[in-house]
Structure formats: C-alpha cells, structure tokens
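This briefing concerns aromatic contacts and helix packing in the structure shown below.

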Amino acid sequence: MDAGVLTRFMLDMAILASLLLAGIFLRSRVKALQKILLPASLLAGFIGLLMGPQALGIIPAETAASWSAVPGRLISVVFACMFLGMKVPGPGTIWREAGPQICYGFFAGVGQYFIAILLTMTVLGPLFGVPDIFASILEIGFSGGHGTASGMAELFRNLGFPDGADLGLMSATVGIVCSVVFGMILINIAARRGHTLKIDNPDSIPQEILGGVIEAEHRRPYGTYTVSRNAIDPIAFHGGFVAAAILLGWLMHRGVTSLHPALVTMPLFPLAMIGGILVQLASAGTGVSKYLDRQTFERIEGVSLDFLVASAIASLNLQVVLKFAVPFALLMTAGIAWMLFITWFLAPRIFPDAWFERGIVEFGMQTGVTAVGLVLLRVVDPDFETEAAPSFGFKQIVYEPLLGGGLVTSVAPILIMRFGSAASLGMCAAVMAAFMALAFLSGFFRRRPGRCR
C-alpha cells in the first residue's frame, strides 16, 4: 500500500479519535445528554456527520469515505473478543441458571423478525414498495447494533439492497436512543408501582454513570497483567489471540463460502466469533487460558466498538434514510411497541423472581446494546444483588452466537430473499411457539404475573 494512503488513513483516524474526545466532553458537560445516557461514540458520530460533506462540509468527502470502511473491519474484532478469556459453562449449568431468560430472549429477538416481516408484508410493501429484505433491518439494528449493521453491508450489496446497510445503522441509532429513553420511563413507572426490588427512587443514578468521567476516589483498575511488559505488552499479547480468532474465522469463511453459491454473501464477523470460541477452548485445553484476562479482551472490544460506532454514524448516508423515511419510521415504531409490550406483559409472567430487573436488562440489550442493558439494570439494581445479572450473562452465551449479530442474524436476509415473507413469517412463528412451549413445559410460564417481592 502506498505510504501516502497509510498516512491519510492515520490522519482520518486521528480526526475520529478527536471527535470521540469531543463526545465525552459534551457528555460530561451537558445535563440533557446525561439524562438520556447518550454514549460518547454516538455523539462523536453525530458531530462527524454534521461536519461532513452532507452538511457543513468541514470534513472532506475523502475522510468520510475512509471512515465508511472502518466499521466492517472492526466488527470482526468485536465479535472475536466476545468469548475470549471467558470460562464457558456446561449446558446444564446454563439452563439451570438462565432457562427463563433464554426462552424470553429468543422470543423477543425472533419476535422482532416476526413483527417486521408481518408489517412489511401487509403495509410497507404494498404501500411503499419496499422489498421483503427491508424487514431484516429491525433486528439487525435493534438486537444487533451498529457493529452488526456495519458487518452486514457487503451482504446487503450482494443481495441487491445496498441501502440496507445505512438503514441498519440508522435502526441501531434509533434503537440505542429509544432503549435509554423508554428504559428510564419504564424504570420510573415500575419504581412508583413497587415492581423494583432494590430502589424506590430511580433518580439516584451515580454521577460517574451520568457524566461518563470518574473522579479519583471512584476509579478502579480495568485489567490484570498476566505477562511481563519486559517481554511483551499485555495488550499486544491479548491482541495476538484476537488476531488468531479472526484468522480462524477467515479460514472458515473461505470454506463456507465455497460450499454453495447462496453462502457467498455470508459475512465474516460471526465466524470470527466462532474462531474466538475455538481459540478459547484450545487455550483451556493447553493450560494457556490462565494467562488470558477477560477484562483486557473487554477493553480491546470496547475500543473497537467506540471507533466502530463513531465512524459508522459519521459516514451514514442521509439520502438513504430520507428516501425510506416513512416506512422506516413505521418499522421503528412497531419494533419499540413490541419490546415495550413484552417487557411489561410477558416478563412478569415468565421470570420466577426480579421480573422487572430481568426484563429491563433484556429491553436495553434487545433495543440498544448489552452495555445499555447493564446500565439500565444498574439503575434498578445498583450492586447487582438480584439474579438478573448472572441470568442475563448465562443467557448471552447461548443467544449471541445465534441472534443479535450471530449466525441467524447473518443469514436471515438471505432466507427472507430465498423463501419469501410468508414462509419466513411461518418460520418465525414456529420458533416463537417452540420457545413458549418450552417455557410452559419447564414450568416457567404463568398465566398471572408473579410477585415482584
């Protein structure tokens, strides 16, 4: 690669990093932004979009084009880190600790496809002429998030719907804002009605969560040295395992895409996640896993995700969003209505205890990202004293490889295009019915809401 191109890319990333600093500065100073807990990466993206060629024109088009290539690469880093440094429990332990959460989570996630396909079939397609694949952007943006939407860009192009990538990113943006706004509304209502176990006043959120900066007395270390810096820096050491996971994913990707023409559009990032699982299992089998620090992998994942979200929003094509404004707004409204409905009416009937705490963490994750779900949970369960946090964590081990950016998410647009809306709707209904039947047979489901205390 030409040295000038590398220098240009380095400068583009420096500008993006500066926007992240501007984002955290705004978050720490503006009370309105603190109230909705808007991440600095989203703020950085909005600033970049405002300053970019589609608005003020301060940032050149070449820089925005450079940013547009970043998310599709960083998403593989994010997914490769997902299970590295984590001890994967056995199936029995997972089901025992998180059976109701698993049934609820899959019902919610597959339900996003069901609602979107039904709406597209009956309203959006006939009235606005959107293709069947339009329905997939709800789950990709809500349950998947910005990283998943970015990773699906090439797939949408290959399927003849290139606008899907920008719509997915906008869906993720709407989802993360709504997850916080509606999440806080739900928390206020639940606290006043006595549905929360640990708080009576939802206004007592710590300032470090609101402002985003931590004062000296509340700071804590975020990783453990497992190797000597005289030999190799710990970040570089852990980065090598991330790279190995991505390389394994790439090799699997080459193998999978050669099996059948329909699989050529398969994205890399879910296979990078499987590569991470294989690297973790190999590390555990050889005794190397004792040198892997989960918190360090989370920092690598977090840095990648911050740059991913900022670059994705800053390079968003606003013309595409305006083109589909009305059907997109209707789809987003339906998605939020679905999540509000199951949080308030299904959660108390399926969770054996702490139903609101379990439901609100799921609401945050299914509309925004896992971090938002945990922030909402911390508001109602500050010290994670209920069973919500461990149950949610065990559920994610099963959920993430499939939905929310996993294998099902990555092939869903292909299935919708191949089999059509009617067949896809039937498949979604069958999966949802299966999980509800499993919950009923396992003794989880109740006709009347359970008691919160």
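In this predicted model, helix H10 passes helix H16 in a right-handed crossing. The axes of H10 (residues 163–192) and H16 come within 10 Å and cross at roughly 35°. A search of the whole structure also finds 13 aromatic pairs, and one of them joins Trp344 to Trp355.

**Aromatic pairs and cluster**

- The rings of Trp344 and Trp355 are edge-to-face, at 5.9 Å centre to centre and with 75° between the planes.
- This pair links distant parts of the chain: Trp344 lies in helix H16 (residues 325–350) and Trp355 in helix H17 (residues 355–367), 11 residues apart.
- Trp344 has a relative accessible area of 18% and is therefore buried, the cut-off being under 20%.
- Trp355 has a relative accessibility of 5%, so Trp355 also counts as buried.
- Trp355 forms a further pair with Phe356: the ring centres are 5.8 Å apart and the planes stand at 90°, which means that the pair is edge-to-face, since angles over 60 degrees fall in that class.
- Trp355 and Phe356 are both buried.
- One aromatic cluster is made up of Phe134, Phe156, Phe161 and Phe324.

**Charge over a ring**

- Lys395 places its charged end over the ring of Tyr399, at 4.0 Å from the ring centre.

**Contacts between H10 and H16**

- On the H10 side, the contact residues are Leu167, Met170, Ser171, Val174, Cys178, Phe182, Leu186, Ile189 and Ala190.
- On the H16 side, they are Phe328, Met332, Ile336, Leu340, Thr343 and Trp344.

**Packing of H12 against H13**

- Helix H12 (residues 234–257) packs with helix H13 (residues 269–286) at an angle of about 125°, and their axes are 7 Å apart.
- The crossing of H12 past H13 is right-handed.
- H12 contributes Phe241, Ala244, Ala245, Ile246, Leu248, Gly249, Met252, His253 and Val256 to the contact.
- H13 contributes Leu271, Ala272, Ile274, Gly275, Gly276, Leu278, Val279 and Ser283.

Notes. Residues are numbered from 1 along each chain as its sequence is written. This is a predicted model: local features need pLDDT of at least 70, side-chain atom pairs count only at pLDDT 80 or more; totals for chains, interfaces and linings use all residues. Side-chain values use heavy atoms; hydrogens and water are left out. Rings of Phe, Tyr and Trp (its six-membered ring) pair if their centres lie within 6.5 Å; planes under 30 degrees apart count as stacked, over 60 as edge-to-face and the rest as tilted. Helices (H or I, at least four residues) and strands (E, at least two) are DSSP runs, numbered from the N terminus. Buried means under 20% relative accessible area, exposed over 50%, partly exposed in between (1.4 Å probe, protein chains only). A charge sits over a ring if NZ of Lys or CZ of Arg is within 6 Å of the ring centre and within 35 degrees of the ring normal. Axes are lines fitted to C-alpha atoms, for helices over the stretch in contact, and angles run from 0 to 180 degrees between N-to-C directions. A crossing is left-handed if the near helix is turned anticlockwise from the far one by less than a right angle, and right-handed if clockwise. Contact means heavy atoms within 4.5 Å.
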